[in-house]
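Let's take a walk through the inside of this protein together. Have the sequence and the model at hand as you read.

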Amino acid sequence: MSMQFGPSYVRAIAPYVAGKPISEVAREFGLDEARIVKLASNENPLGMPESAQRAIAQAASELGRYPDSNAFELKAALAARYDVPADWITLGNGSNDILELAAHALVEKGQSIVYSQYSFAVYALATQGLGARAIVTPAVHYGHDLDAMLAAIADDTRLVFVANPNNPTGTFIDGAALEAFIAKVPGHVAIVLDEAYTEYLSAEKRYDAMSWVKRYPNLMVSRTFSKAYGLAGLRVGFAIAQPELTDLLNRLRQPFNVNTLAQAAAIAALNDSAFIERSAALNAQGYRQLTEAFERLGLEYVPSDGNFVLVRVGSDDGAGNRVNLELLKQGVIVRPVGNYGLPQWLRVTIGLPEENGAFVAALEKTLVVA
Ligand SMILES: Cc1ncc(COP(=O)(O)O)c(C=O)c1O
């Protein structure tokens, strides 16, 4: 008889499905890497800012030593930017790390975590990894139903995850509704407000969650350098919360969870406001390009405030995977979202104009055949 290792709740986890790397698609489909377009992981199509590249080159000579465990300079830069004390900041190996740390620091096995249907996959993974109970509220128009989430909070709930904008749907909750929700969540229940895509919000949609952190001791705001800041491969994210929450995460985090190059690059990128502006403008232009094409092709899509769009590519549950495979054969990598319960949809990251064009052309060819 074969041995079964580990707790049943770990064995029950369906592993995270990452976007396929370019090299893998090139090998699998016999394609030239240089011609492959990857719009699968919500990365910044401009790549890493030059300011960060210079900072990395400078920091490279320090790699014989461990990183600064407390990331003094990066925390000082973040503290100045967001007008909070440095000891309100937790750094993560990507904001994924923050989400995991929050779950582990705040919730015991058997207690519950509330999040929405179609919200970011890591909330489910973090919950399952603990043996905690997931309370998943049905989405409305593919986004969070905050009233349902509030009503779902149980006696044993210790954490609520909210993504704004949400991935993979791109849906957005306006600041007033979000703050009203936060104010109603009981004080002993922590809220992780995941703002991985906040830099892409248009000026009229912006709100200041960092100022809410000062008023709500149960609120933690998480952000990342992986998206608009263009540093996905370096893995750096951060959370801002009052010390009661921050201290707990800091006890659990690995002492060197953010490496030396990541710290240096993040400081440079944080100060590179021109790069962020360029990225957001390019994204807005790409959003128009993609959604105009979807309208022309008669494809339903979910209006998005992130750097990606969810598009329905067929009306049967094989459609997402089928169209995805045809796109892969043409060297276009997007993300099927069957694992999110959206088998008729694909999520496409907004790329450079020519990348968006290549995706639309490949999609059009596929739909004619299908
Ligand atoms: C909503 C959301 N939160 C967090 C993350 C984690 O990103 P990272 O770990 O690269 O910061 C992602 C990445 O896709 C995301 O979509």
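Glu43, Asn44, Pro45, Tyr200, Ser279, Leu282, Asn283, Asn307, Ile350 and Gly351 line the largest cavity. This is a predicted model, in which local features need pLDDT of at least 70, side-chain atom pairs count only at pLDDT 80 or more, and totals for chains, interfaces and linings use all residues. Residues are numbered from 1 along each chain as its sequence is written, and side-chain values use heavy atoms, with hydrogens and water left out.

A cavity here is a set of points, on a 1 Å grid over the protein atoms alone, where a 1.4 Å probe fits but cannot get out; lining residues have an atom within 4 Å of a point. The largest cavity holds about 50 Å³, a volume being the space filled by probe spheres set on the points, which are joined across faces, edges and corners. Its lining has four nonpolar, five polar and one charged residue.

Now turn to helix H12, which covers residues 273-296. An α-helix has 3.6 residues a turn, so residues three or four places apart point the same way. Just after H12, Gly298 takes a positive phi of about 70 degrees.

The second largest cavity has a volume of about 40 Å³. Its lining includes Asp68, Arg253 and Phe256, and by class it has five nonpolar, three polar and two charged residues.

Definitions and conventions
On a 1 Å grid over the protein atoms alone, a cavity is a set of points where a 1.4 Å probe fits but cannot get out, and a pocket is an open set with protein on both sides within 12 Å along at least five of seven lines; lining residues have an atom within 4 Å of a point. Ala, Val, Leu, Ile, Met, Phe, Trp, Tyr, Cys and Pro count as nonpolar, Asp, Glu, Lys and Arg as charged, and the others, Gly among them, as polar. Helices (H or I, at least four residues) and strands (E, at least two) are DSSP runs, numbered from the N terminus. The expected span of a helix is 1.5 Å times one less than its number of residues.
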